[in-house]
Amino acid sequence: MTQILDRTSAGGRFPSDHYTKPSIGLGSLLIGAEEEAMVVETVRSGRLFRYAYDLEPAEQGKMTAALEREWRELMGVGYALCVTSGTAALEVALGAMGLGPGDEVIVPAWSWVSCFTSIVRIGAKPVLAEVDSSLCLAPGEIRRLCTARTKAVIVVHYQGVSADMDLLLAEAKEMGIRVLEDCAEACGAMYRGKRVGSMGDMAIYSLQNSKTITSGEGGMVVTKDPDLYVRAVRMHDIGLFRPHHSQFANPADDAFCGGQYRMGEITAAVALAQLKKLDHIRNHCRALGERVLRRIGALPGLEFRHIPDPRGDSGIEIYFFVESSELAVKFCGQLDALKVNCTKMTGTACHYRRPYCVNRAAHSPASSPFREERDWPAKGYRPEDFPMTENLVNRFIALPMGALYTVADADHIADSVIAVHQNLCFGS
């Protein structure tokens, strides 16, 4: 029978009573003088809106233009566009691809709310796919789920780890569909020497407060395709294509009704300062995560998350699986008692358990892509349709690596995992 964990165990390196649990957070914990200076500069300029018609196009939007330029250069993409959020970025990208009613988009069943709702918002139908032990889209799912109506797949790079892009890109090419990379939770991650977001037809990033770098809210859309860039610009700015963007692409296409997802200069000022800290955060978290893994990586009974390219992991979170969901609850409870942060940093859940899917609801009943389904939940939207996903997401433990974590924090995490592992009698 499991005993209450004695904090004085583990070779005298406890108790934890004198240990202070570190704050969970990444870029949000590093907001300081650099961000302040750029915001003050922006406010003093009096130019908070990126488009200023008393200036030449090349001089407009000092902060937004600089952020887009530095983002393009760092990520290795041809075009970048600032928007108001990661969710907005998804809608802009899907709209730029021309997706709408009658179209289907494959998306991992285990992913953030917006991955599903953005598809519904543009009138298309989300088709849910399994994840594998990388917690990213499982190879083989694109081929399994594609129909004549499938136009795109959203490949979500979950929590700092790239999906297996070689396999997924090959599948998408074989099936003739576009790839939208969702890098909202993986800014800074890489795959075989390439930054996530640089491999698909389009990609999005989030700058929301809990993300690797942040401006509170904000997002970015990137692509290598000038036509998709033009359409993204129109989609984010009520169908307009202002002169500033003509520096980068020819607005040859016809205007259409877009939304309003423009980023302001103050948001861009914060994001620009944060972007310069991205690789520092990645290197810091990777170093601490590797220190923890050297201690716990060989513990029997722990199955660590599959990382398709271990060298590309951004290091922001360690995941391992235990035998059952019940054991995962016990393990987390005992880690928490030892002052270890051990819950996932995101609110990710399976879409088929979320109210918007259970209710198959859009803002208007006529807008729901599921309105003609006679029986609901239909096949493909029930927990029993996702055995691999269900098996994985209910029995993992997540160990965040924060921007302000120290070597002492990493050692405390490792000591605590070892102590809990021993207390729960793994391998005996």
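Glu 41 counts as partly exposed at 35% relative accessibility, a class lying between buried (under 20% relative accessible area) and exposed (over 50%), with a 1.4 Å probe and protein chains only. Glu 41 is placed in helix α1 and pairs with Lys 62 in helix α2 (residues 62-75), where helices are DSSP runs of H or I of at least four residues, strands are runs of E of at least two, and both are numbered from the N terminus. The model is predicted, so that local features need pLDDT of at least 70 and side-chain atom pairs count only at pLDDT 80 or more, while totals for chains, interfaces and linings use all residues. Residues are numbered from 1 along each chain as its sequence is written, and side-chain values use heavy atoms, with hydrogens and water left out.

**Salt bridges**

- The structure holds 24 salt bridges, each being a side-chain nitrogen of Lys or Arg within 4 Å of a carboxyl oxygen of Asp or Glu.
- One of them joins Lys 62 and Glu 41, whose closest N and O atoms are 2.4 Å apart; the two residues are 21 residues apart and link distant parts of the chain.
- Lys 62 is exposed, with a relative accessible area of 55%.
- Another salt bridge is formed by Asp 237 and Arg 262, with the closest N and O atoms 2.6 Å apart; both residues lie in the loop between α7 and α8, 25 residues apart, and both are buried.
- Arg 291 forms a salt bridge with Asp 411, the closest N and O atoms being 2.7 Å apart; Arg 291 lies in helix α9 (residues 278-296) and Asp 411 in helix α13, so this pair ties together parts that are 120 residues apart in sequence.
- The side chains of Asp 411 and Arg 291 are also joined by a polar contact of 2.7 Å, a term for a pair of N or O atoms within 3.5 Å in which, within protein, one must be able to donate a hydrogen and the other to accept it, residues adjacent in sequence counting only if both atoms are side-chain atoms.
- Glu 34, Glu 35 and Lys 277 are linked in a network of salt bridges.

**Nonpolar core and surface**

- The largest nonpolar core has 139 residues, and those with the most contacts inside it are Leu 67, Trp 71, Val 221, Phe 331, Ile 397, Leu 399 and Val 417; such a core is a set of buried Ala, Val, Leu, Ile, Met, Phe, Trp, Tyr and Cys residues joined through side-chain atoms within 4.5 Å.
- Helix α3 (residues 86-96) contributes the largest share of this core, seven residues.
- Beyond its neighbours within four places in sequence, Leu 67 is in contact (heavy atoms within 4.5 Å) with Cys 82, Met 220, Met 263, Ala 268, Ala 271, Leu 272 and Leu 275.

**Helix α7 and the residues around it**

- Helix α7 (residues 226-236) is largely enclosed by the rest of the structure, because eight of its eleven residues are buried; among them are Tyr 229, Arg 234 and His 236.
- The buried residues of α7 pack against β1 (79-83), α3, β6 (178-182), β9 (202-206) and β10 (219-223).
- Asp 225 caps the N-terminal end of α7, with a side-chain oxygen 2.8 Å from the backbone nitrogen of Asp 227.
- α7 is followed by Ile 238, which is partly exposed at 46% relative accessibility.

**Backbone geometry**

- Most residues other than glycine have a negative phi, and most peptide bonds are trans.
- Ile 238 has a positive phi of about 45° although it is not a glycine, and Arg 360 likewise has a positive phi, of about 40°.
- Arg 360 is in the loop between α11 and α12 and is partly exposed, with a relative accessible area of 23%.
- A cis peptide bond, with omega of about 5°, joins Trp 376 and Pro 377; Pro 377 is in the loop between α11 (355-358) and α12 (387-393).

**Gly 27**

- Gly 27, in the segment before α1, is buried with a relative accessible area of 0%.
- Apart from neighbours within four places in sequence, Gly 27 is in contact with Lys 211, Thr 212, Ile 213, Thr 214, Gln 274 and Ile 281.
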